[in-house]
Amino acid sequence: MKTLLMTGVLLALSGAGAVKVGVLLPLSGGGSVSGQAAKNGYQLALDEINRAGGVLGKPLELEFADDGSAPAKAVPEFVKLVTVEKVDFMAGGVSSATSIAISGPAKQYGTFMAWIGAAAVPVEDAFADHPYFFHYHPWSYYNFEAILGYFKYLKTYKKAKNIAIAYEDGPFGSAGIDATVDAFRKAGFNVVLTEKFKTGSGNFGPLVSKAKAAKPDILYWVGYDTDALPLATEIRQQNLQLGLLYGTPPSWPVGFEKNKLADNVAGLSLWLSSSPNKDSRTFVAAYRKKYGTVTDEYFAPLAYVNLKTLAAAINAAGTTDKAKVAAEMAKTNVSTPFGQLTFSPSLKTKYQGFKAGNWLHFQYLGDARVPVFPIKFAQKPMVYGK
Amino acid sequence: MDLFAQTLVNGLLQSGLYALVASGLALAVGVVGIVNFAHGEYLMIGAFLAWAGSALLGVDPLLSLPVIAVAVYGVGALTYRVSIRHVLLAPELNQMLLTFGLGILLQNLALMLLGGNTRTVSTPYQASSLQLGELSVGGPKALAFGLAAALLGALYFTLYRTTLGRQMRAVAQNRRGAQLIGIDVDRVYLIAFSVSCALAAVAGVLVSVLLFASPTVGLVFALKAFAIIVMAGLGNLTGVLWASALLGVSEALVQTYVPGGGGWSDAVFFLMIFGTLVLRSYRGAR
């Protein structure tokens, strides 16, 4: 009995003063594919950090909370983590809408935010004056810069000139659509069609008929995973001849790669499990060992890198003092599965991690996502349909 | 001209899917008067079962369709026994609140058990189409249209040519009167509600082939199904097909010819409900 009591006291004492990191993720709802992938990445990093001695001499603790992919749920969960669980740092964050919603409380409590997702420019505006906001994911203009770079390559080498744009009519698809059209035009493309659709409706017949009449070389689609298969099906049924169908959903449907209709569909990813990068290979091996499988969702390694760099900064600072940890985080210069990570100013925030140069363009080829651009990372030649 | 003809074809093909979803709801709401706001969730169950059969057992969704229909008939019967029968005599608002709650419960159960991921099935005929000159007629959607017409025909036959159908109509007209002449009212409600759920699941199987399976897949279709039965008139089964065609073609025309029409497609069915109700009340006033 005494031994049990002593063990309990020792365990309680060892937990006292441990560094706590709150992790807010969409573990349910529309963003749950990315959220679940991120959770796996965090748990893998946590194991490694604690095996290596933890943080400030104690095991690091994570407190997960589900934002339900909804701003209305994200705010109370965030406030609970900060005020009830009294976490020292906040990590996570996938959706832009939920990140905007918590920007008020984050500034009110001066919360240290090591944020992995939320690419929309309004998030950058919301956190522009926050002194402890470290953003890992490229902002949407970096995404678009990468897409434009790829399309310019297709213009030069594949004679792609005409672009049709299909975008969902919510904030994700519609924000900045005029700027997108302008940028394509400035780059010398003909934007032959700009068409809205309702995400999840699966009703792409009229859109594809109009695209067929406009004869585009590239159909650039901005929507969600629910739209991937219905759009690909309709394109095949109506025999729309394209050079490339290119999409940028936050995640792709489960099992889409095994469907013949996915063949040659192209998209954007920060990372793929087939990346030859040494850190990526190490991550994939560790992930496979822990979970018995491999993921192609880049939020898994992004979360992994996020927690590892945060833990390293706290250890380097030797304290949980936000200003000191921020100063150490700002010095981050590590190789990661995505390439080198450093923090530098973006257009509006002080600490931006990955930028345009980190994106990979892939195609679904032979039941897998295969990097096809930039050419130096291509594992197979891209398939262009014209 | 080609674009116009293709637009009409697109609208008609889409209407097949709408009619398929609406056929079950027409039976529940229009014939026996059970306002089932969880109809879309039975569609979702059908879509997930088709996905599971395909992904885990390698069974083609169309082959598993009869089994899924029977399984969801069972789920519907259980739902009726456990919940619906207890509110049949209560004001209709209770029924609506109950089925609304059931819908939320089923959606969240799916979220908890399967996550929010979108799941797709892969079949060799998924993108099949018939080319008529420049026109393209999608195979699975044409199948949905044919299936909807056949099911509505079968429902019509059952309602007007069989004893069970007569009993259903009798119960819908006057529950107490039906009881007085010896009809087992509880059994009739049970069968009608369960068949309605099974029909939703049949639509779900087609939805899984054409679109995807996810916890929220039924919502959009259930809303449109309500619009269709309002347009067709409660209890009017043949009208369901025409109302679906009208909705599908109107949506396609708006999407193709109205600038930014893709964003207006959801407004079309609200406008059609509005127009129908105003027209009916105008006629009633005369």
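## The open sheet of chain A

In this predicted model, chain A holds an open sheet of six strands, and they pair in the parallel sense. Reading across the sheet, the order is β2-β1-β3-β4-β5-β13. The two edge strands of chain A are β2 (61-66) and β13 (351-352), each of which pairs on one side only. Strands of a sheet pair through backbone hydrogen bonds, either parallel or antiparallel.

To see one of these pairings up close, look at β1 (residues 20-25) and β3 (residues 89-92) of chain A. These strands run parallel and are joined over four bridges. Find Gly22(A) and then look across to β3(A): the bridge partner is Met90(A).

## Two domains in chain A

How is chain A divided by the domain assignment? Domain 1 covers 2-138 + 276-354, and domain 2 covers 141-269 + 360-377. The centres of the two domains of chain A, taken over C-alpha atoms, are separated by 31 Å. Where they touch, domain 1 gives 12 residues and domain 2 gives 11 residues. On the domain 1 side of this contact there are seven nonpolar, three polar and two charged residues.

## A buried asparagine and a cis bond

Is Asn315(A) buried or exposed? It has 20 other C-beta atoms within 10 Å, and 20 or more is the cut-off, so Asn315(A) counts as buried. Leaving aside neighbours within four places in sequence, Asn315(A) is in contact with Val55(A) and Leu56(A).

Now move along the chain to Phe373(A). From Asn315(A) to Phe373(A) there are 58 residues in sequence and 37 Å in space, C-alpha to C-alpha. The peptide bond from Phe373(A) to Pro374(A) is cis, with omega near -5°. Pro374(A) sits in the segment after β15 (368-373) of chain A.

## Two loop residues with positive phi

Lys215(A) is not a glycine, yet its phi is positive, at about 50°. You can find Lys215(A) in the loop between α9 (205-214) and β8 (218-222) of chain A. With 13 other C-beta atoms within 10 Å, Lys215(A) is partly exposed.

Asn264(A) is not a glycine either, and its phi is positive at about 75°. Its place is the loop between β9 (244-247) and β10 (266-269) of chain A. Asn264(A) is partly exposed too, with 18 other C-beta atoms within 10 Å.

## A helix inside chain B

Turn next to chain B and helix α8 (residues 185-210). This helix has 26 residues and reaches 38 Å from its first C-alpha to its last, close to the 38 Å expected at 1.5 Å a residue. Why is α8(B) described as largely enclosed by the rest of the structure? The reason is that 22 of its 26 residues are buried.

## Where the chains meet

## Confidence in the model

For the complex, the predictor gives an ipTM of 0.81 and a pTM of 0.80. Chain B has an average pLDDT of 89, and 99% of its residues score at least 70. Where pLDDT is low, the predicted coordinates should not be read in detail.

Technical notes:
Residues numbered from 1 in each chain as written. Chains lettered and ligands numbered in written order. Predicted model: local features only at pLDDT ≥ 70, side-chain atom pairs only at ≥ 80, totals over all residues. Buried ≥ 20, exposed ≤ 12 C-beta atoms within 10 Å, placed from the backbone. Contact = placed C-beta atoms within 7 Å. Domains from an automatic or database assignment. Nonpolar A, V, L, I, M, F, W, Y, C, P; charged D, E, K, R; others polar. Expected span 1.5 Å × (residues − 1). pLDDT = per-residue confidence, 0-100. Pairing = 2+ DSSP bridges.
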